[in-house]
Amino acid sequence: MANKADILMLDACTLRERLATGALSALEVVEASIERIEAREPEVHAWAWFDPEFARHQARQLDIHRQTGRAIGSLHGLPVALKDIIDTAKIPTENGCEIDKGRVPIKDAAIVEKLKTAGAIIMGKTVTTELAFMQAGPTCNPHNLTHTPGGSSSGSAAAVADGMVPLAVGTQTGGSVIRPASYCGITGFKPSFGAIPRTGVLMQSPTLDTVGVFARTPADAALIAEVLFGYDEADSATRPEPAPPLLEIATSEPPIKPIFAFVKPPGWDDADPELHAAFAELAEALGDRMFEVELPAPFGDAAMLRERVNFAEMARYYYSYGNKGADRLGPLTLEALSKGNAILARDYLAALDWGDVLYAGLDEIFERCDAIICPAAMGPAPEGLEFTGSALFNGLWTFVGAPAITIPAFTAENGLPMGIQLVAARGNDARLLRNANWFQGWLTDAGA
């Protein structure tokens with residue numbers, strides 16, 4: 001029997017190789033995760049639903065399958081946590097909402113079907129903010145339990161950061177993957193809009209909602225994202241085209257060392273001074289591998305325009321919640337619904353057009369660099385659990401549909417992590433992962 005502490009230290013790609021060769025059994029990996037969850041969950045509160053026997057059952061079945069000599073999936077035996085807005089057959093999916101308490105779907109979301117086919121173990125459901133908006137749940141930041149883990153994918157980020165699972169799935173409509181990953185000191189990957197199908201995932205804003213993943217490294221993120229990418233006729237945002245070989249490209253050496261365009265996004269002046277200092281040091285260390293570029297003036301309205309689209313569509317898709325159960329919704333959710341109901345159709349339609357307009361304004365930047373580099377959040381995780389942090393540095397990239405990834409890069413004076421965010425052109429997900437993998441290696445070599 002392998003040492004459980006040693007198992008928890010392994011990244012997902014290494015775990016996958018050991019599971020494939022039989023050096024580790026799926027049950028051994030699951031037992032290590034269960035022990036960690038049971039030890040830490042009373043403090044971290046990452047899980048909305050967790051049944052250790054269900055996890056063990058899946059692991060035993062996968063071990064039996066491997067022993068037959070039949071082919072195994074690319075995620076064989078790897079525990080994966082799912083944000084509790086992703087439908088799971090016969091398992092509660094309550095959307096972080098009192099109104100949905102006791103809701104048990106009869107069918108898996110499309111991405112859950114993909115995970116099961118690939119041999120992943122559905123470890124459980126992780127805490128989300130109410131209806132994946134801003135009303136916080138009970139999850140704490142594993143680095144400091146008095147600070148937020150971010151949101152809305154709070155539990156998914158915390159579970160990976162605390163070593164409970166190697167991989168997790170979340171969603172982003174503003175900054176709900178990148179921000180909590182930054183706060184919790186792990187990798188968060190939000191792919192190009194439409195890359196991963198959302199069928200069976202709570203819909204808040206069809207123009208913005210994007211499924212993303214949490215992992216320890218860009219390579220691990222590529223491993224699970226490659227399984228999730230693909231076409232689904234039930235999701236009009238997806239396209240019938242082959243999924244890219246994300247892991248192969250992500251782990252390959254760039255033909256030339258990448259060049260990064262440093263962007264100070266709107267709101268930069270209000271960011272934590274420690275973040276300003278960290279990026280100044282980063283610029284000096286990267287030297288001619290990074291140049292600064294200023295975004296055109298219209299980008300200053302991006303946050304307002306994204307919010308307008310978000311709130312208008314939220315009012316439409318959450319109508320039944322506000323209409324029938326307003327007394328059981330939190331004040332932040334109610335405020336957003338009220339704002340959404342007040343938005344005029346002409347203003348909503350005009351805001352929709354701006355996503356592509358702003359994206360066109362990035363063409364010249366992407367022609368000069370391999371990726372944009374900018375902060376993943378305004379600073380380290382705020383103290384307290386009520387406020388999940390500002391998504392100002394993330395919403396712009398969600399609005400234009402570009403892929404983004406964060407990796408841990410800095411440590412604030414209070415010991416909390418701060419991430420850098422890399423952004424690429426639409427569809428360049430594989431290259432973005434490769435550049436992030438290179439950057440993480442560079443940080444390690446530089447002693448960051």
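Into which domains is the protein chain divided? The chain splits into domain 1 (1-293 + 358-447) and domain 2 (302-346), with bounds that come from an automatic or database domain assignment.

This is a predicted model, in which local features need pLDDT of at least 70 and side-chain atom pairs count only at pLDDT 80 or more, whereas totals for chains, interfaces and linings use all residues. Residues are numbered from 1 along each chain as its sequence is written, and side-chain values use heavy atoms, with hydrogens and water left out.

With 448 residues, a compact globule would have a radius of gyration near 22 Å, and the 21 Å of the protein chain agrees with this; the radius is taken over C-alpha atoms, and the globule rule is 2.2 Å times the number of residues to the power 0.38. Along the principal axes, the C-alpha atoms fill a box of roughly 60 × 55 × 45 Å. The chain has 17 helices and eleven strands, these being DSSP runs numbered from the N terminus (helices H or I, at least four residues; strands E, at least two).

| Domain 1 and domain 2 | Value |
|---|---|
| Distance between C-alpha centres | 26 Å |
| Buried area | about 2,000 Å² |
| Salt bridges across the interface | zero |
| Residue pairs in polar contact, both at pLDDT 80 or more | ten |

Buried area is the accessible area (1.4 Å probe) that two parts lose on being put together, summed over both, and here 68% of it is on carbon and sulfur atoms. A polar contact is a pair of N or O atoms within 3.5 Å, where within protein one must be able to donate a hydrogen and the other to accept it, and residues adjacent in sequence count only if both atoms are side-chain atoms. On the side of domain 1 that touches domain 2, helix α16 (residues 392-399) gives the most, with four residues.

Although the interface has zero salt bridges, a search of the whole structure finds 17, each being a side-chain nitrogen of Lys or Arg within 4 Å of a carboxyl oxygen of Asp or Glu. One of them joins the side chains of D162 and R36 (3.3 Å, N to O); D162 is in the loop between α6 (154-161) and β4 (167-172), and R36, 126 residues apart from it, is in helix α3 (residues 26-44).

Two backbone details remain. Most residues other than glycine have a negative phi, and most peptide bonds are trans. H45, in the loop between α3 and β1 (47-49), has a positive phi near 55°, while G151 and S152 are joined by a cis peptide bond with omega about 5°.
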